[in-house]
Amino acid sequence: MIRTLMVSAEGEAMAGGEELIARWQALPDSRLWIDLQGETVAGERELLESFGCHPMAIDDAHRERHPPKIEEFEGHTLILYRGISSFDADLNYVPQQVAMFLGEGFLITLHPGLAQSIDRLFAQEGAGLLGRSPEHVALKIMYYSAGYYLDSLLEFENALSDLEDALMENGSDALMRQVIGYRSRLVKMRRVFNYHVGITQELTAYDYSHLPRNESETLHAINDVHERFERLLTLTQMYYDICGDLVDGHISLSSHQLNITMRILTVITAIFVPLTFIAGLYGMNFAHMPELEYRYGYFVVLGLMMSIGVGLVWLFRRKGWF
């Protein structure tokens, strides 16, 4: 699907398809936004080449799972952004790559599936932002997309709190597997947000011809995106640490319970070892054992064994071992 949005020099906004490309070329000082969703690689390449996009930039945009980055070429700037096509409160998300070609008076966005942030801009304030400059549209796409990430992460905070309470009440292996699954997803998300923070840091630190820092509005928009991704990175790290604390706490509690069990078994063993020794000693079938001829020998040995058992139980209870 190819859809376009054009704003003339007089501020007139028009939405349509490929027909607006020729009109944009005929009208100086007009601005154009072309969105390509699910188009063929050949069709996208042909369109991008007609706008003078560098072949290496086109190859990067079509490469699957390319790390997010920003790179400047002659005539345009390429921004590779890791967007999302779906995300829920359990951190189950499906990422999708969004490529943005930002040139003089135009913005071209490529994405294989539905992009909520792009749809939102097309339906609402895309024309107003495009009238200011194409870079404002690109920055707002990242800002809105980061907002979808943020909403789901804040919902996850409630799920994480409930999981923490469940672990405290009755920890189980199933809950531990759930926490470890969260940690794995948070690591992947943290890596993505780290890339995006790096992009905004580059935009803040270096001058890109199509994202000028000397314009206060552009710099303010860059800072807004940077702050949102920094918050996402901080939240992801915090949730990762919380999951790690939950895992460590569960392991410590399990170790403590195991130690209590082993201590009880040790006490039982310590009580019965001397009794077993005495029973084994007098269970030997030697002919000349003086105690065997003693009339009360059995009762004496039995009393001795009982005394030893009771004495050890008293000693261990005094030490607080059980």
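The questions below concern a predicted model.

Reader: Is the protein spread out or a compact globule, and what is its radius of gyration?

Author: The model, which is predicted, has ten helices and seven strands. For 322 residues the globule rule gives 20 Å, and the protein lies well over that value, so it is more spread out than a compact globule. Taken along the principal axes, the box filled by the C-alpha atoms is roughly 125 × 35 × 30 Å. The radius of gyration is 36 Å.

Reader: What percentage of the residues in the protein is buried?

Author: The accessible surface of the protein is about 17600 Å², and carbon and sulfur atoms hold 55% of that surface. Among contacts with a separation of 6 or more, 63% join residues 24 or more positions apart. Of the 322 residues, the buried share is 41%.

Reader: How many cavities of 30 Å³ or more are there, and which elements give two or more residues to the lining of the largest cavity?

Author: The count is one cavity of 30 Å³ or more, and the space in the largest cavity is about 80 Å³. Its lining includes Tyr81, Gln96, Ser117 and Tyr148. Two or more lining residues come from each of strand S5 (76–87), strand S6 (93–103), helix H4 (116–123) and helix H6 (134–170).

Reader: Which element gives the most to the lining of the largest pocket?

Author: The largest pocket holds about 360 Å³ of space. Of its 19 lining residues, Ala61, Arg63, Glu64, Gln97 and Pro112 lie nearest its centre. At least two lining residues are supplied by each of helix H2 (41–50), helix H3 (55–62), S6 and strand S7 (106–111). With five residues, the element that gives the most is S6.

Reader: How many residues of the lining of the largest pocket are charged?

Author: Arg63 and Glu64 are among the residues nearest the centre of this pocket. By class, the lining has seven nonpolar and six polar residues, and the charged residues number six.

Reader: From which element comes the largest share of the lining of the second largest pocket?

Author: The second largest pocket has a volume of about 240 Å³. It is lined by 14 residues, and Arg65, Arg82, Tyr93, Lys188 and Arg191 are the closest to its centre. S6 and helix H7 (173–205) each supply at least two lining residues. The largest share, seven residues, comes from H7.

Reader: Is methionine 289 buried or exposed, and what is its relative accessible area?

Author: Methionine 289 is placed in the loop between helix H8 (216–281) and helix H9 (290–293). Leaving aside residues up to four places away in sequence, methionine 289 touches Leu281, Tyr282 and Met284. Buried means under 20% relative accessible area. Methionine 289 is therefore buried, and its relative accessible area is 10%.

Conventions
Residues are numbered from 1 along each chain as its sequence is written. This is a predicted model: local features need pLDDT of at least 70, side-chain atom pairs count only at pLDDT 80 or more; totals for chains, interfaces and linings use all residues. Side-chain values use heavy atoms; hydrogens and water are left out. On a 1 Å grid over the protein atoms alone, a cavity is a set of points where a 1.4 Å probe fits but cannot get out, and a pocket is an open set with protein on both sides within 12 Å along at least five of seven lines; lining residues have an atom within 4 Å of a point. Grid points are joined across faces, edges and corners, and a volume is the space filled by probe spheres set on the points. Helices (H or I, at least four residues) and strands (E, at least two) are DSSP runs, numbered from the N terminus. Buried means under 20% relative accessible area, exposed over 50%, partly exposed in between (1.4 Å probe, protein chains only). Contact means heavy atoms within 4.5 Å. The radius of gyration is taken over C-alpha atoms; the globule rule is 2.2 Å times the number of residues to the power 0.38. Accessible areas come from the Shrake-Rupley method with a 1.4 Å probe; for residues, only the protein chains shown count as cover. Ala, Val, Leu, Ile, Met, Phe, Trp, Tyr, Cys and Pro count as nonpolar, Asp, Glu, Lys and Arg as charged, and the others, Gly among them, as polar.
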